[in-house]
Amino acid sequence: MRLGLLSPQYLRRLFERMGATYIKLGQFIASAPTLFPAEYVQEFQNCFDRAPEVPFQQIQAILREELGRPIESVYEYVDPTPVASASIAQVHAARLKGSQEDVVIKVLKPGIKDILVADLNFVYIVARILEFLNPELSRASLVGIVKDIRESMLEEVDFYKEAANIEAFRNYLEAMGLTRQATAPKVYQHCSTQRILTMERLYGVPLTDLDSISSLVSSPETSLITALNVWFGSLLACETFHADVHAGNLWLLRDGRIGFLDFGIVGRISPKTWTAMEVFLASIATEEYVSMASALTEMGATNKDVDVMAFAKDLEKIFSSIQDLDTELIVATARDTTTNATAVSANVVVDERQMNALFLDVIRVSESYGLKFPREFALLMKQLLYFDRYTRLLAPNLNMLQDQRVSIVSNRGSRSRSSFE
C-alpha cells in the first residue's frame with residue numbers, strides 16, 4: 001500500500017480494465033459506505049460513467065435467440081441507436097407489431113452473466129482464503145460481504161426478477177388506488193425473457209428539469225409530495241423498495257403522474273431496521289439528536305456499550321452542516337429561429353461527492369462508537385439524499401420529514417404484503 005498499488009484510484013482503474021464484473025463491483029463499493037472505507041467509496045463513484053455500446057448486430061442476434069422467432073414478427077421496428085448503455089445491459093426504443101405501442105427493450109449484454117458468475121466465484125474463493133490466512137478478516141465478515149455482492153449483482157442480470165419487482169410495484173399502486181398519481185412501466189411478458197425485458201415506453205422529464213416540470217404541472221411541490229408519499233408507502237406495502245431513485249429513474253410524465261423506472265436495484269428492509277429508521281427520520285426532522293443516536297444504536301450491530309450522549313453531540317455537528325451543501329443550478333436559453341421565441345431551461349446538478357460525504361460522516365462517527373449498519377440502511381439513506389435534492393429545487397420551503405402532507409406511515413407489520421403481490 002505504501003507503493004500506492006492498492007490506492008483507491010489505482011484499484012478503480014484496475015477494475016475498469018478488468019471488465020464488467022469489476023465495474024459492477026466498483027459500483028457496489030460506491031453504493032455501500034456502511035461496508036467500505038470512505039476514500040474507496042468516493043473514488044468508485046467514477047464507475048457510474050456511461051459504458052461502451054454493444055454493436056446493434058449483436059443486440060439483434062440476442063433478440064432473435066431469446067424471442068425464438070423473427071424480430072420483425074414481434075416489433076414493427078427497433079431503433080439501432082441505444083437509448084442508454086450500462087455495464088450490464090443496453091436499452092433500445094422500439095414499437096410493437098400490431099398494437100403499435102411504443103416500448104423500450106432492455107437487453108443483457110452478450111456473455112455478461114457467465115462472466116459475472118465466473119468472476120464472482122473467483123472473488124468468493126479468494127475471500128475464503130484470505131479469511132483463513134487472516135482471522136481478523138473473518139471478524140469483519142469479508143465472506144459475508146462478498147456473498148451479499150454476489151446475490152445483488154446476479155439479481156440484476158435476471159430480468160425475470162426485475163419484471164417481478166415492477167409488477168409488485170404496479171400491484172401496490174393498484175391496491176392503494178394510486179394509479180392516477182404514479183406508475184411504473186408495463187412489462188410485456190410475451191416478449192420478455194431472462195435476458196430481454198420489453199416495457200412500455202414512458203414519456204416525461206427527470207425531477208431535476210424545473211422548466212419542463214413547470215410547463216407540465218401548476219405545482220411542482222405537489223408532484224414532489226406525491227413522489228415522496230408513493231415511495232414511502234412502498235417501503236411498507238411491498239416486499240422490496242426502489243433503491244435507485246436518481247433523476248434518470250424518477251420522472252414527471254407528460255400526463256402529470258410520477259414515473260418510477262428501472263427496478264434493477266431494489267432493497268429489502270427488515271421490521272427492526274424500519275422501526276429504528278422511523279425514529280431516526282423523526283429525530284432528524286425535530287433535531288432531537290439523543291433520539292437519533294439511540295435509533296442508530298438500535299439499528300447497528302455492536303459488541304460494546306455506546307455512549308449515547310457523546311454520540312448525539314457528534315451527530316449534531318454533522319447534521320448542522322446539511323444546509324451548507326450546495327446544489328448548482330444551471331440555466332440555459334435557446335432561441336427558435338423561425339418564431340424568435342426564447343425557451344429557458346433550468347436544471348440542478350447534484351454533487352454526488354457531497355451527498356456521499358455527508359452520509360460517510362454519519363457512518364464514520366457511528367463506526368467510532370463500534371456500530372456496523374446493514375446495507376439496507378445505506379440504500380435508504382441514499383434515496384433520502386436524492387429526495388432532499390429534489391426538494392431544494394422543486395419545493396425549497398418544504399421540510400419533507402415534518403410536513404403533514406408527507407406520510408411516513410408506521411405499522412409495517414399490520415399490513416398483509418400478500419395482497420400487494
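Me: Is Gln-60 buried, partly exposed or exposed?
Reply: Keep in mind that we're looking at a predicted model. Gln-60 is found in helix α4, which covers residues 56-67. Its relative accessible area is 26%, and the middle class runs between the 20% and 50% cut-offs. So Gln-60 is partly exposed.

Me: How far apart in space are Gln-60 and Val-78, C-alpha to C-alpha?
Reply: Along the chain, 18 residues separate Gln-60 and Val-78. In space, going from C-alpha to C-alpha, the distance between Gln-60 and Val-78 is 9.0 Å.

Me: What about Gln-42: buried or exposed, or partly exposed?
Reply: Gln-42 lies in helix α3, residues 38-43. The relative accessible area of Gln-42 is 30%. Buried needs under 20% and exposed needs over 50%, so with 30% Gln-42 comes out as partly exposed.

Me: And what is the C-alpha to C-alpha distance between Gln-42 and Pro-8?
Reply: In sequence, Gln-42 and Pro-8 are 34 residues apart. In the fold, their C-alpha atoms are separated by 8.6 Å.

Me: Which helix holds Leu-154, and is Leu-154 buried or exposed?
Reply: Look at residues 142-156, the stretch that forms helix α7, and you'll find Leu-154 there. Its relative accessibility is 18%, and the cut-off for buried is under 20%. So Leu-154, in helix α7, counts as buried.

Me: Which residues does Leu-154 contact, leaving aside neighbours within four places in sequence?
Reply: For a sense of where to look, Lys-113 is 41 residues from Leu-154 in sequence, but the two are 7.7 Å apart from C-alpha to C-alpha. With those neighbours set aside, the contacts of Leu-154 are Leu-116, Val-117 and Leu-120.

Me: How far apart are Val-126 and Val-146 in space?
Reply: Val-126 belongs to helix α5, residues 112-133. With 31% relative accessible area, Val-126 is partly exposed. Val-126 and Val-146 are 20 residues apart in sequence, and their C-alpha to C-alpha distance is 9.9 Å.

Me: Where is Thr-183, and is it buried or exposed?
Reply: Strand β5 is made of residues 182-183, and Thr-183 is found in it. Beyond residues up to four places away in sequence, Thr-183 touches a set of residues including Phe-169, Leu-202, Leu-253 and Phe-260. Its relative accessibility is 7%, and under 20% means buried. So Thr-183, in strand β5, is buried.

Me: At what angle do helices α12 and α13 pack, and what do we call that arrangement?
Reply: Two packed helices are described by the angle between their axes and the distance between the axes. For α12 (residues 289-299) and α13 (residues 308-319), the axes are 8 Å apart and the angle is about 110°. Angles from 65 to 115 degrees fall into one class, so α12 and α13 are roughly perpendicular.

Me: Which residues make the contact between α12 and α13?
Reply: Both helices contribute to it. On the α12 side you'll find, among them, Tyr-289, Met-292 and Leu-296. On the α13 side the contact includes Val-308, Phe-311, Leu-315 and Phe-319.

Me: What is the phi of Asp-262, and where does Asp-262 lie?
Reply: Most residues other than glycine have a negative phi. Asp-262 isn't a glycine, yet its phi is positive. Asp-262 is partly exposed at 32% relative accessibility. It lies in the loop between β10 (258-260) and β11 (266-267), with a phi of about 60°.

Me: Which loop holds Glu-287, and is Glu-287 buried or exposed?
Reply: Glu-287 also isn't a glycine but has a positive phi, about 60°. The loop that holds Glu-287 runs between α11 (271-286) and α12. With a relative accessibility of 57% and a cut-off of over 50%, Glu-287 counts as exposed.

Me: How many disulfides are there?
Reply: Sulfur atoms have to be within 2.5 Å to count as a pair. By the distance rule, the number of disulfides is 0.

Terms used. Residues are numbered from 1 along each chain as its sequence is written. This is a predicted model: local features need pLDDT of at least 70, side-chain atom pairs count only at pLDDT 80 or more; totals for chains, interfaces and linings use all residues. Side-chain values use heavy atoms; hydrogens and water are left out. Axes are lines fitted to C-alpha atoms, for helices over the stretch in contact, and angles run from 0 to 180 degrees between N-to-C directions. Helices (H or I, at least four residues) and strands (E, at least two) are DSSP runs, numbered from the N terminus. Angles under 35 degrees count as roughly parallel, over 145 as roughly antiparallel, 65 to 115 as roughly perpendicular and the rest as oblique. Contact means heavy atoms within 4.5 Å. Buried means under 20% relative accessible area, exposed over 50%, partly exposed in between (1.4 Å probe, protein chains only).
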